[in-house]
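Please read them with the structure open.

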Amino acid sequence: MNERTKAIVSLKDRLPGQHKKLLSVYMTFFVFLAAEFIMDPLILKSYSRMWPLSLQFAPLMLCAMSQGCIMLVGGINLALGASLSLATTIAAVTMFEGAAGTAGGVMVTLGAGMAIGLVMGLVVTFGRLPDIIVTLAFSYIWNGTALLVLSKPGGHIPGAYSGFLQSGGAVPFAGIIILLLLVLWKIVKNTRLGINVYAIGGNARASFESGINVHLTKILAYMISGLFMAGAALVLVGQTGCGDPTIGNAYGTKSIAAAILGGYSFSGGIGQMKGAVLGAFIYIAIENVLFFSGLSSFYQYIIQGAILIAAIGLKVISYYRGGGEGA
């Protein structure tokens, strides 16, 4: 059996385990979904309550999907929040009134997101530098660039775009964006690129020896991550009606927490996009439960941090118990 065949067999052996790992995520999701219904019973009585709820959850879900792409190849993106802020400012200065102007701004924002991912991916792969250091450095670069584009919240987002994002319909627009990107990832996952992403996350050296272009795969993973991040930016500008050079600051660490809660692994090669979506829901549901509990905000932060530490701790324990697999 050659090296390539071994890598593919190893990957196939890992995938069924990933579905099993999602069972605990599903269970946690349903617990907090029930908690959401208890806190806001009108959701069950009025379908229109789903729109504001979807807008609340969508940005973090998309950010968790973006972070998940990087974690699959064994990395972590500390610049996600800063790049999200930059993408919102780009959207705010490129969108104009009218269908063509709005569509043009959307395309520019999506392209900018992929370009941001491309730049970071090139530096990480060809610079042979740790991704955590590179993305930390880029967080300052993207923050500064965002402030150059817009020194304060502003710009212009067409009223029709914001109205459409927040209006009712058969399916919330934010949900459509998430669904489209999930379908896109499902297609990618079933291609050679998707297999390669999981393979190099599981064992980069073995993947290289089996003939996989590790550098190109990592760069493309960063670009797809940038696309998801830009999707989150498009939702945010529709919510706020403007670009904001600091709005993404909170989403960097939250996206990591959501990805971990959704079953992603720091060691790479473990995780699914639907897990990222569920992890984001769980994270925000935790915030909502703590908010409605009436606890002081100081205690809420402490409890959120404790939950994150517990989640990471469980990952580490499973890693050592599993002989280095699946943390």
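1. Terms and basis. Helices (H or I, at least four residues) and strands (E, at least two) are DSSP runs, numbered from the N terminus. The model is predicted: local features need pLDDT of at least 70, side-chain atom pairs count only at pLDDT 80 or more, and totals for chains, interfaces and linings use all residues. Residues are numbered from 1 along each chain as its sequence is written, and side-chain values use heavy atoms, with hydrogens and water left out.

2. Overall make-up. The protein chain has 14 helices and zero strands. Read from the N terminus, its elements run α-α-α-α-α-α-α-α-α-α-α-α-α-α. The chain holds 327 residues, and buried residues make up 50% of them. Here buried means under 20% relative accessible area, exposed means over 50%, and partly exposed lies in between (1.4 Å probe, protein chains only).

3. The nonpolar patch. Which residues make the nonpolar surface patch of about 480 Å²? They are Leu 78, Ile 132, Ile 133, Leu 136 and Tyr 140. Patches are made of residues with over 30% relative accessible area and no salt bridge; like charges are joined within 9 Å, and nonpolar side chains (Val, Leu, Ile, Met, Phe, Trp, Tyr) within 5 Å. Accessible areas come from the Shrake-Rupley method with a 1.4 Å probe, and for residues only the protein chains shown count as cover.

4. Ile 132 is found in helix α6, which spans residues 131–149. Ile 132 is partly exposed, because its relative accessible area is 40%. Tyr 140 lies in helix α6 too. Is Tyr 140 buried or exposed? Tyr 140 has a relative accessible area of 61%, so it is exposed.

5. Ser 139 and Gly 252 are 113 residues apart along the chain, yet their C-alpha atoms are separated by 9.7 Å.

6. α6 against α4. Two packed helices are described by the angle between their axes and the distance between the axes. Axes are lines fitted to C-alpha atoms, for helices over the stretch in contact, and angles run from 0 to 180 degrees between N-to-C directions. Helix α4 (residues 80–94) packs on α6 at about 20°, with the axes 8 Å apart. The two helices α4 and α6 are therefore roughly parallel. Angles under 35 degrees count as roughly parallel, over 145 as roughly antiparallel, 65 to 115 as roughly perpendicular and the rest as oblique. The crossing of α4 and α6 is left-handed. A crossing is left-handed if the near helix is turned anticlockwise from the far one by less than a right angle, and right-handed if clockwise.

7. α6 against α5. At what angle do α5 and α6 pack? Helix α5 (residues 99–126) and α6 pack at about 140°, with their axes 10 Å apart. That angle makes α5 oblique to α6. The α5 and α6 crossing is right-handed.

8. The loops on either side of α6. Arg 128 lies in the loop between α5 and α6. Please check its backbone: Arg 128 has a positive phi of about 50°, although it is not a glycine. Arg 128 counts as exposed because its relative accessibility is 67%. Gly 154 lies in the loop between α6 and α7 (159–166). At 17% relative accessibility, Gly 154 counts as buried. The C-alpha atoms of Gly 154 and Thr 89 are separated by 8.0 Å, though the residues are 65 apart along the chain.

9. The salt bridge. How many salt bridges does a search of the whole structure find? The search finds one. Glu 287 pairs with Lys 254, their closest N and O atoms being 3.2 Å apart. The pair links distant parts of the chain: Glu 287 is in helix α13 (residues 273–292) and Lys 254 in helix α12 (residues 251–261), 33 residues apart. A salt bridge is a side-chain nitrogen of Lys or Arg within 4 Å of a carboxyl oxygen of Asp or Glu. Lys 254 counts as partly exposed, because its relative accessibility is 22%.

10. α12 against α13. The axes of α12 and α13 come within 7 Å and cross at roughly 115°. These helices, α12 and α13, are therefore roughly perpendicular to each other. The crossing in which α12 passes α13 is right-handed.
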